[in-house]
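Subject: Structure handover

Hello,

Here is the structure I promised to pass on. Please open it first, then read the notes below.

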Amino acid sequence: MYKINFQQMEYFLSVAEKLNFTEAAKSLYISQPSLSKQISLLEEELGFALFIRNKRSVRLTPAGEVLNRKWKLLLTDLEISVEEAVKANASYAGEIKVGMINSTVVQKYIEPIFSRFSEKYPQVLLSFESYSFKDLREKLLGGDLDIIFTFYFDFDFQLNDDIVWKRVEEMRLCLVVPKSNPLSKRDDLTLADVKNEPFILISPTDSPSGVNRIIDLCRSYGFQPNVKKYVPNISSLAFSIANGNGIAIHSDKDLFDNDDRLKFYPIPDRNNDADLIAVWQRKNDSVGLKAIIDEIQVYKTEKGLVS
């Protein structure tokens with residue numbers, strides 16, 4: 001592989017055009033000896049002469065003729081490609097509609113992604129809306145939202161071939177127990193230890209997949225959960241648990257505002273169920289959406305997260 005840079009190519013093309021080192025040097029704003037040295041280094045790298053020089057004239061060699069013709073096209077294509085990229089960036093506008101689950105802590109995780117996106121594309125309007133699990137799914141599938149941020153457990157991806165997802169943040173699935181419950185005094189707690197406890201779940205109307213996953217998980221420990229109450233959202237779930245109404249299975253403590261009244265015991269069986277994910281429709285070919293997905297990948301790479 002030859003070590004040739006665009007500056008050397010520019011120097012060569014200038015001399016090839018003028019067939020005069022002094023005139024070429026003036027047009028390039030460098031000294032004639034410096035230009036001659038750069039051409040000599042280029043010829044040394046290539047292994048053949050580019051010019052036939054004497055005291056009265058400068059001519060291209062046959063090899064020089066070929067490079068003059070080819071490199072003119074190459075640099076022209078390069079300039080055109082940059083101009084097209086600049087135009088594309090300038091015209092890259094419009095609106096991207098972003099939905100997120102109605103938990104204030106989720107905003108903490110996605111804020112760096114969209115902060116960087118806005119720095120790169122300030123002309124793009126980002127609209128943020130928070131909804132329940134059910135409304136998020138419906139608005140995404142209905143085309144009202146371009147991308148949503150929710151939890152892995154809320155989707156049965158085998159039944160949704162038309163959507164794509166990417167993990168944004170790895171989060172632990174935990175048993176969430178109020179500190180008023182005597183079980184919270186224990187250092188370790190498993191699902192087998194809470195089979196007789198009342199459970200609080202997000203409503204199956206709002207997250208049927210989430211409820212089914214919890215029931216299946218409990219059954220794998222040999223019991224059917226005793227569901228005392230269904231609640232409509234994460235805030236209601238945290239409030240109900242903190243007030244001693246029962247226990248829950250959910251994501252890590254960062255999602256609960258009043259976690260000082262709660263204790264969390266990791267569940268090792270389902271490592272991915274609690275992860276925060278981004279979801280979008282496969283058919284959505286928006287340039288803005290693609291740019292957001294790229295920023296998610298940058299965010300994950302910086303944090304060392306597995307794709």
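Start with one pair of residues. Cysteine 174 stands opposite histidine 250, which belongs to strand β10. Bear in mind throughout that this is a predicted model.

The sheet

Strand β7 covers residues 174–178, and three bridges link β7 to β10 in the antiparallel sense. The sheet is open and has three strands. Their order is β10-β7-β11, and the pairing is antiparallel. Which strands form the edges? They are β10 (248–250) and β11 (262–266), as each pairs on one side only. On average, neighbouring strands of this sheet are turned by 30° against each other, direction ignored.

A helix packs on this sheet: α8, residues 234–242. Helix α8 touches β7, β10 and β11. The direction of α8 makes about 140° with that of β10.

The cores

Next, the nonpolar cores. The largest one holds 72 residues. Seven names stand out there: Ile147, Phe149, Phe151, Leu175, Leu191, Ile249 and Leu276 touch the most other members. There is also a second, separate core of 21 residues. Phe12, Phe21, Ile39 and Trp71 are among its members.

Now go back to leucine 276. What does leucine 276 contact, leaving aside its neighbours within four places in sequence? The list is Val106, Tyr109, Ile110, Phe149, Thr150, Phe151, Arg167, Val168, Glu169 and Met171.

Two packed helices

Look at α2 (residues 21–28) and α3 (residues 32–46). Their axes lie 8 Å apart, and the helices pack at an angle of about 100°. Angles of 65 to 115 degrees count as roughly perpendicular, so α2 is roughly perpendicular to α3.

Which residues meet here? From α2 come Phe21, Thr22, Ala24, Ala25 and Leu28. From α3 come Gln32, Leu35, Ser36 and Ile39. By type, the contact of α2 with α3 has six nonpolar residues, three polar and no charged. Two of the residues in this contact, Phe21 and Ile39, also belong to the second core.

A serine to check

Last, find serine 209 in helix α7, residues 208–220. Is serine 209 buried or exposed? Its relative accessible area is 12%. Buried means under 20%, so serine 209 is buried. Leaving aside its neighbours within four places in sequence, serine 209 is in contact with Phe153, Asp154, Phe155 and Asp156.

Over to you.

Best wishes

Methods
Residues numbered from 1 in each chain as written. Predicted model: local features only at pLDDT ≥ 70, side-chain atom pairs only at ≥ 80, totals over all residues. Heavy atoms only, no water. Core = buried A, V, L, I, M, F, W, Y, C linked by side-chain atoms within 4.5 Å. Buried < 20%, exposed > 50% of the residue type's maximum accessible area, 1.4 Å probe, protein only. Contact = heavy atoms within 4.5 Å. Axes fitted to C-alpha atoms, helices over the stretch in contact; angles between N-to-C directions. Helix = DSSP H or I, 4+ residues; strand = E, 2+ residues; numbered from the N terminus. Parallel < 35°, antiparallel > 145°, perpendicular 65-115°, else oblique. Nonpolar A, V, L, I, M, F, W, Y, C, P; charged D, E, K, R; others polar. Pairing = 2+ DSSP bridges.
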